Amino acid sequence: MEWMVLSPEEWTAVRLSLKVAAAATVVGLPFGLAVAWALARGRFWGLSLLNGLVLMPLILPPVVTGYLLLILFGRRGPIGSFLAEHLGIVFSFRWTGAALACGVMGFPLMVRAMRLSIEAVDTRLEEAASTLGANRAWVFATVTLPLTVPGIVTGLILGFAKAMGEFGATITFVSNIPGETQTLPSAIYTFTQVPGGDAGALRLTLVSIAVSMLALFASELMARRASRRLDVE
Amino acid sequence: MTLEVDIRHRLGSFLLEASFAAAGGLTALFGRSGAGKTSIVNVIAGLIRPAEGRVLVDGEALLDTSRGLFLPPHRRRLGYVFQEGRLFPHLSVRQNLLYGRFFAGAARRGDGLDQVVDLLGLGALLDRRPARLSGGEKQRVAIGRALLSAPRLLLMDEPLASLDEARKAELMPYIERLRDEARVPIVYVSHSVPEVARLASTIVLLNEGRVAAAGPTAEIMQRIDLFPLTGRAEAGVIIEATVEDHDEGYGLTSLRSRAGRWRLPRIDAAVGEHLRLHVRARDVMLARTAPADVSALNVMAGVVAEIRAGTGPVVEIRLDCNGEPITARLTRYSVERLGLVPGAPVHALIKSVALDRRSLGGLGRAGRHGVAGDADAGDA
């Protein structure tokens with residue numbers, strides 16, 4: 001069973017992947033919720049443009065998305081240089097860049113799940129809340145948001161799972177630096193490129209499967225608990 | 001409390017053009033489906049913003065398009081009980097009840113949770129989720145939730161419409177108590193004659209987006225010219241009567257009104273209690289001479305006051321029985337055969353078992369209020 005034990009380098013890749021995926025989903029959540037809200041309820045010019053923009057990473061080849069990120073968020077890119085200068089946030093060849101790439105790739109899935117559940121909220125309940133004295137912010141916080149929780153959970157888990165598996169955009173944007181940007185898929189890819197790397201690739205593949213199964217299981221459990229609380233009539 | 005509504009609003013091809021005022025008690029917005037009742041309540045609540053008009057509560061404008069004023073729903077301090085309850089599914093009954101109370105703020109809190117729970121009989125339901133409640137229980141919780149937001153006015157949009165007859169009968173006494181005890185004026189949307197006959201102190205009769213008539217319930221219900229709008233099948237007068245005695249042997253209750261003595265199957269009411277009795281015009285039979293050997297227990301002597309014949313076979317007649325109006329629906333054939341003309345003396349016969357027990361309700365203090373300021377017409 002010796003071959004089952006992960007080497008320190010492999011552990012590093014696993015830990016990094018978890019960190020990157022967690023950061024991508026947690027930071028992505030408020031943006032995802034805001035965009036999902038706008039798409040579900042918004043009535044403004046450019047709605048379909050926003051929708052297209054959000055769905056883009058789903059349709060474009062990941063390499064293209066990664067390259068666009070490199071152009072925009074790279075050290076000399078218009079957004080990247082601004083963020084580096086004013087906020088001290090650097091993306092290129094850092095784990096933060098990997099998180100950005102993973103977040104962008106998972107964003108459409110996250111938004112879609114949240115949007116569907118916001119659309120499913122009965123606006124008549126929101127009207128009822130407003131007649132009881134709740135202003136728009138309170139209505140959102142006490143009625144819309146709690147009723148959207150199942151969709152938010154699903155969105156988070158989908159986003160996390162996508163982030164764990166993201167490869168193309170990440171390796172294009174921030175390369176494949178062990179300990180910094182080498183996530184699970186990148187590490188597996190590296191193993192397959194060197195002679196005798198089969199065992200390592202297999203070990204990491206098993207870890208990858210285990211994490212995905214766990215995420216799915218957790219999402220099922222939470223969705224079931226949430227829907228039991230709401231008691232579909 | 002005074003409510004003034006004067007609005008014009010187009011909804012597709014439907015033009016809402018309504019103007020009325022209401023005082024305390026329970027004001028029924030009454031009319032057929034599509035008459036614009038719910039739209040008016042939604043305008044009052046601020047859920048619809050009309051093209052033109054004003055809504056004033058106690059002189060304070062909630063809406064005045066001429067001044068560009070529109071108060072959003074959450075700042076109007078009105079309670080709204082919707083037809084389908086609209087309880088929050090993610091909150092318990094207790095949390096639902098306290099929802100509006102939280103926003104009312106400490107200063108405006110009226111009745112406490114305990115009082116409202118008592119009034120509506122919600123004690124056993126507090127820890128349940130809305131999904132575990134029956135239709136009638138849901139509506140009671142919805143009423144409690146609206147009451148606890150300390151509203152100046154309670155809007156109720158067909159709160160009984162989605163319930164079966166048994167649940168309606170179960171909920172109506174609560175609405176009566178609300179009218180008589182909670183002291184919150186109510187605007188009540190309904191298309192049901194038994195409900196309005198039993199609950200309303202004032203009727204605003206709507207037809208195709210306009211106010212066809214408004215006034216104290218008894219006054220509107222006796223007008224045979226309005227029968228096409230009040231719904232011919234159920235239309236009829238409201239008699240205000242006092243419980244005289246109970247005949248336990250035959251299981252009958254006697255009531256006394258100005259027209260005379262009424263007997264009906266035993267009801268649960270104390271002797272001396274004032275009740276309103278809804279007598280449907282279609283249940284009233286007329287005879288020229290005092291009938292002998294007839295099974296009907298209620299025979300009232302009177303004279304024909306008004307006859308309204310349409311083009312069809314049916315004629316509506318209003319009688320004056322010692323100052324109390326009773327309406328009857330007869331065939332034109334019978335009217336001609338009996339030679340009924342205004343002023344003719346007649347006897348009205350009403351089967352005891354035909355008396356509409358669903359609409360038999362307490363008179364309530366609120367029965368004394370009204371648009372015209374005088375609902376005492378039926379009292380001796």
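Which residues in H4(B) meet which residues in H5(B)?

Guide: The model is predicted, and what follows should be read as a description of that prediction. On the H4(B) side, the residues are Gly135(B), Gly136(B), Gln139(B), Arg140(B), Ile143(B) and Leu147(B). They meet Arg167(B), Glu170(B), Leu171(B), Tyr174(B), Leu178(B) and Ala182(B) in H5(B). Sorted by class, this contact has 6 nonpolar, 3 polar and 3 charged residues.

The geometry of the pair is as follows. Helix H4 of chain B covers residues 135-148 and helix H5 of chain B covers residues 165-182. Their axes come within 9 Å and cross at roughly 15 degrees. An angle under 35 degrees counts as roughly parallel, and H4(B) and H5(B) are therefore roughly parallel to each other. The crossing of H4(B) and H5(B) is right-handed.

Some of the strands of chain B form an open sheet of 5 strands, in the order S14-S13-S12-S15-S21, with antiparallel pairing. The edges are held by strand S14 (260-265) and strand S21 (361-362) of chain B; each has a single partner strand, so one side of each is left without a neighbour in the sheet. Within this sheet, strand S12 (residues 236-247) and strand S15 (residues 274-280) of chain B pair in the antiparallel sense over 7 bridges. Val237(B) stands opposite Val279(B), a residue of S15(B).

As for overall dimensions, the C-alpha trace of chain B spans about 65 × 50 × 35 Å along its principal axes. Chain B has a radius of gyration of 22 Å, which agrees with the value near 21 Å that a compact globule of 380 residues would have.

Chain B also touches chain A, in a contact that takes 17 residues from chain A and 19 residues from chain B. On the chain A side, helix H6 (123-131), helix H7 (136-165) and helix H10 (198-230) each supply at least two residues. The largest share of that side, 6 residues, comes from H6(A). By class, the side of chain A that touches chain B has 8 nonpolar, 4 polar and 5 charged residues.

Conventions:
Residues numbered from 1 in each chain as written. Chains lettered and ligands numbered in written order. Predicted model: local features only at pLDDT ≥ 70, side-chain atom pairs only at ≥ 80, totals over all residues. Axes fitted to C-alpha atoms, helices over the stretch in contact; angles between N-to-C directions. Helix = DSSP H or I, 4+ residues; strand = E, 2+ residues; numbered from the N terminus. Parallel < 35°, antiparallel > 145°, perpendicular 65-115°, else oblique. Left-handed = near helix turned anticlockwise from the far one by under 90°. Contact = placed C-beta atoms within 7 Å. Nonpolar A, V, L, I, M, F, W, Y, C, P; charged D, E, K, R; others polar. Pairing = 2+ DSSP bridges. Rg over C-alpha atoms; globule rule 2.2 N^0.38 Å.
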